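Thanks for coming. Please look at the screen.

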Amino acid sequence: MNSTLSIAVLSGKGGVGKTNITLNLAYALHQAGFRTLLMDCDLGLANLDVLLGITPQQNLQDTLLGEARVEDVLCQIAPGLDVLPAASGVPEMNDMHPELRELLLARLKPVLGRYDYVFMDMGAGISETVQAFAALAALRIVVITPEPTSLTDSYALIKVLNSRYGVQDFKVLVNQATSAREAQNSFDKLYGACHHFLQLKPELLGHIRMDKHLPEAVCRQKPLLLYAPGSQAAQDLQSLASRLQKARQGMLDWLGKRDVLQEER
Ligand SMILES: Nc1ncnc2c1ncn2[C@@H]1O[C@H](COP(=O)(O)OP(=O)(O)OP(=O)(O)O)[C@@H](O)[C@H]1O
Ligand SMILES: [Mg+2]
């Protein structure tokens, strides 16, 4: 029976913090004893490897366009924490042909079930690949910042996923917030638009404070949780990881009835 929780991390606007959030949430859950996979699904401009300071020999594209097996491409970062790296600068991957996507899914499926959590770090925006993977995940985290452009772009992302794939469940994470109140205000605006125009009720997962340690960690190519575990943003990420643990616990029955990656309708 499936017990893997797949999570797509999305955003309308680029550069809002998806890759760092994905990496650190995966790290936190790994530290809590869960088997965790980090998939770099930013297939056009991958950079999980850069944030980790690793140089993968092979990547996801090699399993699609070449001979490599998914097992050969996996990079073990620590026991129980693996990364599936992607190549950068392969534009055709960003608007992946449906046939290629099916092939990728078929190759991934036997591997994904080994993990408690599978995180998919998506590229920004609403490419076909983003839409397809977001619709397949069991849970979607839409990352926003308090900037108005981030709000309008994330609304557009939610709208297209809802109208094209019938997706209704969205969790919202406000990054680079200066306070809990600012985060709540940003969320309220997005919620208001989603509720009014789409009759959807996205949920606020939480927020991460603006923290200078985060760009420092990026420059050192280390996850924030390793570089500055006591920092404000690291504390926020830890409490978000606990929330994801509770969410998975509550979803186990439902997860048991579906595949790791499966569309709802
Ligand atoms: N909470 C934060 N506090 C301070 N700076 C942050 C925070 N979150 C993200 N940043 C900054 O934003 C930059 C971009 O982050 P990241 O690469 O994770 O974004 P992204 O959404 O994955 O971008 P892309 O859309 O290009 O994939 C980081 O390098 C960091 O400097
Ligand atoms: Mg990114």
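The largest pocket in this predicted model has a volume of about 370 Å³. A pocket here is found on a 1 Å grid over the protein atoms alone, as an open set of points where a 1.4 Å probe fits, with protein on both sides within 12 Å along at least five of seven lines. A volume is the space filled by probe spheres set on the points, which are joined across faces, edges and corners. Lining residues have an atom within 4 Å of a point.

Helix α1 gives the most, four residues. By class, the lining has ten nonpolar, seven polar and five charged residues. Nonpolar means Ala, Val, Leu, Ile, Met, Phe, Trp, Tyr, Cys and Pro; charged means Asp, Glu, Lys and Arg; the others, Gly among them, are polar.

The second largest pocket has a volume of about 310 Å³. It is lined by 20 residues, and Ala138, Arg140, Gln168, Asp169 and Phe170 are the closest to its centre. Both β6 (139-144) and α11 (232-256) supply at least two residues of this lining. Here the classes are nine nonpolar, two polar and nine charged.

Two housekeeping notes. Residues are numbered from 1 along each chain as its sequence is written, and chains are lettered from A and ligands numbered from 1 in the order in which they are written. Because the model is predicted, local features need pLDDT of at least 70 and side-chain atom pairs pLDDT 80 or more, while totals for chains, interfaces and linings use all residues; side-chain values use heavy atoms, without hydrogens and water.

Axes are lines fitted to C-alpha atoms over the stretch in contact, and angles run from 0 to 180 degrees between N-to-C directions. The contact (heavy atoms within 4.5 Å) includes Ile21, Leu25 and Leu29 of α1 and Leu237, Leu240 and Leu244 of α11. By class, it has eight nonpolar, four polar and no charged residues.

Next, α6 (residues 128-136) and α7 (residues 148-165) pack at about 70°, with axes 10 Å apart, and are therefore roughly perpendicular. Among the residues that meet are Val130 and Ala134 in α6 and Leu157 and Tyr165 in α7. That contact divides into eight nonpolar, one polar and two charged.

Last, α5 (residues 98-112) packs with α6 at about 40°, axes 12 Å apart, which makes α5 oblique to α6. Arg101, Leu104 and Leu105 of α5 meet Glu128, Ala132, Phe133 and Leu136 of α6, giving five nonpolar, no polar and two charged.

How values were computed
Angles under 35 degrees count as roughly parallel, over 145 as roughly antiparallel, 65 to 115 as roughly perpendicular and the rest as oblique.
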